[in-house]
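This report is for a reader who is new to the structure below. Please look over the sequence and the model before reading on.

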Amino acid sequence: MKLYYTPGACSLAPRIIACEAGLEIEYDKVDLKTQTTASGRDFIRINPKGYVPALALRSGEILAEVPVILEYMADQAPSAQLLPRLGSLERYRVKEWLDFTGTELHKGFDPLWNGPMPNKARQLAVSQLQRRFEYLDRCLTGQPYLMGERFTVADAYCFTVLSWTRFHRIDLSACAMVLDYMKRMSERPMVKRALQAEGLPIAA
Ligand SMILES: N[C@@H](CCC(=O)N[C@@H](CS)C(=O)NCC(=O)O)C(=O)O
């Protein structure tokens with residue numbers, strides 16, 4: 001399999017899961033501005049959506065969308081126990097976290113990536129995100145991971161998105177549980193490996 005990624009983007013989540021699951025994956029870096037890959041390919045022909053991540057399967061087919069790629073990867077390595085059993089309520093709970101992360105957190109950052117914006121608009125985007133972080137903070141009280149004691153694919157995605165708060169200088173001081181969670185996540189050996197592989201800081 002081959003993962004098309006951009007350093008520090010949401011494609012970091014599948015890289016973390018590939019490391020945690022011990023999957024053998026090739027990587028091809030995508031320049032999102034030019035839509036070309038490090039291997040010299042036209043990315044739009046690989047993923048017509050024009051965004052990372054994209055996972056090329058052994059069959060040559062392309063799978064896109066972070067939650068789907070994470071679920072697929074976890075199912076390739078059931079012994080790593082990165083997802084609860086298919087059909088169980090816990091599995092749907094993980095999907096609930098994946099959807100929350102994708103729609104409420106990940107896409108909440110979109111306005112902040114789109115270049116210079118009026119201060120008022122930035123404040124609105126940040127305060128909406130902060131409301132979500134406060135919810136997350138309450139959920140993480142007394143438990144190390146989103147699902148409780150066990151790390152799942154949802155943590156890889158949530159951690160990846162939370163790491164963008166540093167880049168955008170979003171104040172998380174009111175969310176002590178979230179800060180602890182980010183520290184705990186960044187201490188996982190496979191998370192460190194993924195961050196190092198993308199040339200990202202590993203400090204919590
Ligand atoms: N719904 C997509 C969103 C992916 C996404 O937003 N990727 C960003 C990087 S974090 C990207 O490549 N943006 C470039 C673009 O949209 O042109 C998913 O879940 O995979």
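This is a predicted model: local features need pLDDT of at least 70, side-chain atom pairs count only at pLDDT 80 or more; totals for chains, interfaces and linings use all residues.

A nitrogen atom of the ligand lies 2.9 Å from a backbone N or O atom of V52. For V66, a polar backbone atom is 3.0 Å from an oxygen atom of the ligand.

## The shell and the pocket

The ligand is surrounded by 13 residues. C10, V52, E65, V66 and K107 are the closest of them. Sorted by class, the shell holds nine nonpolar residues, along with two polar and two charged ones.

Where does the ligand sit? Its place is in the largest pocket.

## Two domains

The domain assignment divides the chain into domain 1, covering 2–80, and domain 2, covering 89–188. In the contact between them, domain 1 supplies 14 residues and domain 2 supplies 12 residues. The C-alpha centres of domain 1 and domain 2 are 21 Å apart.

Which domains contribute to the shell around the ligand? Both domain 1 and domain 2 do, each with at least three residues.

Conventions
Residues are numbered from 1 along each chain as its sequence is written. Side-chain values use heavy atoms; hydrogens and water are left out. A residue is near a molecule or strand if one of its heavy atoms lies within 4 Å of it. A polar contact is a pair of N or O atoms within 3.5 Å; within protein, one must be able to donate a hydrogen and the other to accept it, and residues adjacent in sequence count only if both atoms are side-chain atoms. On a 1 Å grid over the protein atoms alone, a cavity is a set of points where a 1.4 Å probe fits but cannot get out, and a pocket is an open set with protein on both sides within 12 Å along at least five of seven lines; lining residues have an atom within 4 Å of a point. A molecule sits in a cavity or pocket if more than half of its atoms lie within 2 Å of its grid points. Ala, Val, Leu, Ile, Met, Phe, Trp, Tyr, Cys and Pro count as nonpolar, Asp, Glu, Lys and Arg as charged, and the others, Gly among them, as polar. Domain bounds come from an automatic or database domain assignment. Contact means heavy atoms within 4.5 Å.
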